[in-house]
Amino acid sequence: MTYSGSQLYLWLKVELTLFILREHSGYTLLFCVRDQRRTPATHPSSDYKMLFFSYFKDLVGREVTVELKNDLAIRGTLHSVDQYLNIKLENTRVVDQDKYPHMLSVRNCFIRGSVVRYVQLPPEGVDVELLHDATRREARGG
Amino acid sequence: MSTGPGLESLVDQNISVITNDGRNIVGILKGFDQATNLILDESHERVYSTKEGVQQLVLGLYIIRGDNISIVGELDEELDASLDLSKLRAHPLKPVIH
């Protein structure tokens, strides 16, 4: 396959952006889709996070458990989320408080997106079909 | 973005920060930026151990680089006052492994 000059430039630019993003966040999962395709991108790389960003925005007000990369699991009501997938929780409690009493006097907290390992969602908050369709659409490039 | 989880609401409040290397630093939030770099005033570190109660080390004015931050918690003064830190024993938090 041959690329025209502008396509190649765009492709390099997107790959570079993805590399920078990957270095600065933990969301490898979100980039898997692009990694498998070596075709020139037709939309900005920020769209990759947009899907999950809007998805989390819809979950605001729901009870979630956020498991961090230091094995700490925090349960609370999702207050807000931003473009980096930083998460703000309210009425938080640590799942194993006897083992982790480090946050006993914290009720509201901000969790940096880069340290999140999993977000456990309420079953009724997951529309698998919708997510499947949306990720496939993104993978095709719109 | 005004709807995002900014730290504006925590400025001039007591916060409890957990860093990627597992430290717990408590202080007054004076400033922050997009990368979650923080400026903490009158800060101290709470050192957890299983052998003795929580030790508090005075640090003073501190800047913590955003890269190194896991959690920024709003310290509830009432809850914090009700804690008997000298009796609290726990393993130090594990470092974050990316």
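## Terms and model

A salt bridge is a side-chain nitrogen of Lys or Arg within 4 Å of a carboxyl oxygen of Asp or Glu. By this criterion, the count between chain A and chain B is 1 salt bridge. The structure described here is a predicted model.

For chain A, the mean pLDDT is 76, and 65% of the residues reach 70 or more. Over residues 18–45 of chain A, pLDDT stays under 50. The model has 50 contacts beyond four places in sequence for that stretch.

## Chain A in outline

Chain A contains 4 helices and 5 strands. Read from the N terminus, its elements follow the order α-α-α-β-β-β-β-β-α. Of its 142 residues, 43% count as buried. Among contacts in chain A with a separation of 6 or more, 51% link residues 24 or more positions apart.

## The sheet across both chains

An open sheet is formed by 10 strands, in the order β5(A)-β1(A)-β2(A)-β3(A)-β4(A)-β5(B)-β1(B)-β2(B)-β3(B)-β4(B), with antiparallel pairing. Its edge strands are β5 (116–120) of chain A and β4 (55–64) of chain B, each of which pairs on one side only. On average, neighbouring strands of this sheet are turned by 35 degrees against each other, direction ignored. In general, strands of a sheet pair through backbone hydrogen bonds, either parallel or antiparallel.

Within chain B, strand β2 (residues 24–32) and strand β3 (residues 38–47) are paired in the antiparallel sense over 7 bridges. In this part of the sheet, B:Ile28 stands opposite B:Asp41 in β3(B).

## Strand β1 of chain A and its partners

Strand β1 of chain A spans residues 63–68 and includes A:Glu67. The strand is largely enclosed by the rest of the structure, because 5 of its 6 residues are buried. It is joined to strand β2 (residues 73–81) of chain A by 5 bridges, and the two run antiparallel. The hairpin of β1(A) and β2(A) has 4 residues between the strands, and A:Asp71 takes a positive phi near 75 degrees there. Strand β1(A) also pairs with β5(A) in the antiparallel sense, over 4 bridges; A:Leu68 stands opposite A:Val116 in β5(A).

Is A:Glu67 buried or exposed? With a relative accessible area of 19%, A:Glu67 is buried, because the cut-off for that class is under 20%. A:Glu67 stands opposite A:Ala73 in β2(A). Leaving aside residues up to four places away in sequence, A:Glu67 touches A:Leu72, A:Ala73, A:Val115, A:Val116, A:Arg117, A:Tyr118 and A:Gln120.

## Where the chains meet

In the model, 31 residues of chain A are in contact with 40 residues of chain B. The size of an interface is often given as the accessible area lost when the parts come together. Between chain A and chain B the buried area is about 2,800 Å², and carbon and sulfur atoms give 59% of it. A salt bridge brings together the side chains of B:Lys94 and A:Asp71, at 2.8 Å from N to O. A:Asp71 is also the residue with the positive phi in the hairpin of β1(A) and β2(A).

B:Thr36 is located in the loop between β2 and β3 of chain B. At 3% relative accessibility, B:Thr36 counts as buried. Residues from both chains touch B:Thr36: A:Phe110 and A:Arg112 from chain A, and B:Leu7, B:Ile64, B:Gly66 and B:Ile69 from chain B, not counting residues up to four places away in sequence.

Technical notes:
Residues numbered from 1 in each chain as written. Chains lettered and ligands numbered in written order. Predicted model: local features only at pLDDT ≥ 70, side-chain atom pairs only at ≥ 80, totals over all residues. Heavy atoms only, no water. Buried < 20%, exposed > 50% of the residue type's maximum accessible area, 1.4 Å probe, protein only. Contact = heavy atoms within 4.5 Å. pLDDT = per-residue confidence, 0-100. Pairing = 2+ DSSP bridges. Axes fitted to C-alpha atoms, helices over the stretch in contact; angles between N-to-C directions. Buried area = accessible area lost by both parts, 1.4 Å probe.
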